[in-house]
Amino acid sequence: MSQPPYLQPGEAAVLYDGTCRLCNGWVHFLLRHHVARQVRFAAVQSEKGKALLRWADMPEDNVSTIVLIADGQVWKRAQAIFRVMRQVPQPWRALSVLRFFPDAVSNFCYDRIALNRYRLFGRYDSQQHIKPDYPGRFLEDEEQPSHST
């Protein structure tokens with residue numbers, strides 16, 4: 001597989017629903033608990049998020065899952081969450097062992113929450129801007145190169 005757009009070798013991207021209060025809360029949690037610096041974020045509503053979805057051969061609209069792109073691989077749903085948890089310090093890192101649960105079990109639980117996330121947690125009218133812990137953490141916040149003619 002080719003290198004994902006906007007990511008340098010060794011970097012990972014978490015794609016999340018920028019209008020979902022639960023998804024935004026999870027990103028805040030990861031930042032508050034010092035997720036590794038090589039983990040970057042993009043809302044699926046952003047142009048860079050859509051480009052990464054295309055790279056992962058996923059639809060650009062109606063994405064109702066967390067996606068992790070790392071090491072040329074794509075993880076979705078519960079596996080994405082459990083694998084990202086490997087990038088936070090203990091005691092939270094211990095939750096990453098849940099990636100060994102059968103996908104049928106963990107994704108069943110994930111899907112119940114994902115299908116009801118707006119009703120249970122609410123949604124924003126537009127994509128939310130989350131304050132990064134350092135510049136460049138969010139792909140959509142990167143400066144676009146200026147083109148002079």
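A: Two strands are said to pair if DSSP finds at least two bridges between them. The model shown is predicted. In it, β1 and β3 pair in the antiparallel sense over four bridges, and Val 14 stands opposite Leu 68 in β3.

Q: With which other strand does β3 pair, and in which sense?

A: The partner is strand β4, residues 73-76, and this pairing is antiparallel over four bridges. Ala 70 stands opposite Gln 73 in β4. The hairpin of β3 and β4 has two residues between the strands, and Asp 71 takes a positive phi near 55° there.

Q: Which way do the residues of β3 point, and are they buried or exposed?

A: Val 67 and Ile 69 point one way from β3, while Leu 68 and Ala 70 point the other way; all are buried.

Q: Which residues are in contact with Phe 41, leaving aside its neighbours within four places in sequence?

A: Among them are Val 14, Tyr 16, Val 27, Leu 30 and Leu 31, and also Phe 138 and Leu 139.

Q: How is a pair of aromatic rings described?

A: One states the distance of the centres and the angle of the planes. The count for this model comes to two aromatic pairs. For Phe 29 and Trp 92, the ring centres are 5.0 Å apart and the planes stand at 90°, so the pair is edge-to-face. This pair links distant parts of the chain, with Phe 29 in helix α1 and Trp 92 in the loop between α3 and α4, 63 residues apart.

Q: Why is Phe 29 classed as buried, and why is Trp 92 classed as partly exposed?

A: Buried means under 20% relative accessible area, and exposed means over 50%. Phe 29 is buried because its relative accessible area is 15%. Trp 92 is partly exposed because its value is 33%.

Q: Where does the charged end of Arg 37 sit?

A: The charged end of Arg 37 sits over the ring of Tyr 134, 3.7 Å from its centre. Likewise, that of Arg 117 sits over the ring of Tyr 118, 4.4 Å from its centre.

Terms used:
Residues are numbered from 1 along each chain as its sequence is written. This is a predicted model: local features need pLDDT of at least 70, side-chain atom pairs count only at pLDDT 80 or more; totals for chains, interfaces and linings use all residues. Side-chain values use heavy atoms; hydrogens and water are left out. Contact means heavy atoms within 4.5 Å. Rings of Phe, Tyr and Trp (its six-membered ring) pair if their centres lie within 6.5 Å; planes under 30 degrees apart count as stacked, over 60 as edge-to-face and the rest as tilted. Buried means under 20% relative accessible area, exposed over 50%, partly exposed in between (1.4 Å probe, protein chains only). A charge sits over a ring if NZ of Lys or CZ of Arg is within 6 Å of the ring centre and within 35 degrees of the ring normal.
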